[in-house]
Amino acid sequence: MADAWWVWLAALFAVSFLIGVVAVVAGVGGGVLFVPIVGSFFPFHLDFVRGVGLVFALAGTLAAAPPLLRNRMASLRLAVPLALSGSIASFAGALVGLALPTNVVQAALGATVVAIAILIWRTPDAAAGTGEADALGTILRLRGRYRDPAEGTAIDWRTRRTLGGFAAFAGIGFLGGIFGLGAGFANVPALNLLMAAPLKVAVGTSGFIISIVNSSAAWVYIHRGALLPALAVPAILGVMLGSRLGAHLLARTPAFVIRRVVIAVLLLAGARALARGMGVWT
């Protein structure tokens, strides 16, 4: 296998491309799939996988950004203030994550992701924020309008429970920094279920939040030497190509299909990571 190192890099590129497509449609960020899947199936140490996972998710969201902005399925006004609280917490989480044993991080990662998937499954979609916005949301003007090509309707939305959203994104950023996932694994339920943003707006905006929050945590991994260019380059190339395709698919995919994709990919990724951390999957 040592003589066929290039096979692993080619496989990493192919897997990264597929993850890039699914991650944009699901709005979860590539890291939440990349870290448990590559950590389970590829012969790389988890610290290096987590380091690549952060820049992996960052590259994927940046590649998907232009079409999401053109379709108004992403809101910069909504993303920036939430990402500010998440990025500060993400930096602290990255420091904690590199100090923990690998098996502990792996098991905790799996349990967290599975719990989030169950939460989305058991909770119905929040209605689009068509009611009155709360005071903080009104001050920050967290509202917008987008046209859904799949449904053929235009939706005006505004957020609710904005202060709780800030607290939730701080917690998401901290856990994302620990696990090397970035922030995408819980952005969508926080935006949709807690703040009442429409599902597609939540999915699109999630990508911008990931790109800001991941930048903070990634610097910690780079400073500690936990980012290998040999792994990062094929992974980033694959996810950027896949993300551009995923962004176009998102505009044409019904919301209930996106919900099912979110649940399926999170359950798969969480189960793999949990089994690996508990020694069941070696």
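The protein chain of this predicted model contains eleven helices and two strands, assigned as DSSP runs numbered from the N terminus (helices H or I, at least four residues; strands E, at least two). From the N terminus on, the elements follow the order α-α-α-α-α-α-β-β-α-α-α-α-α. Residues are numbered from 1 along each chain as its sequence is written, and side-chain values use heavy atoms, with hydrogens and water left out. Local features need pLDDT of at least 70 and side-chain atom pairs count only at pLDDT 80 or more, whereas totals for chains, interfaces and linings use all residues.

Of the 282 residues, 54% count as buried, that is, under 20% relative accessible area with a 1.4 Å probe and protein chains only; exposed means over 50%, and partly exposed lies in between. Among contacts (heavy atoms within 4.5 Å) between residues at least 6 apart in sequence, 83% join residues at least 24 apart.

Residues up to four places away in sequence aside, Leu191 touches several residues, including Leu78, Leu82, Phe169 and Ile209.

Leu237 lies in helix α10 and counts as partly exposed because its relative accessibility is 48%.
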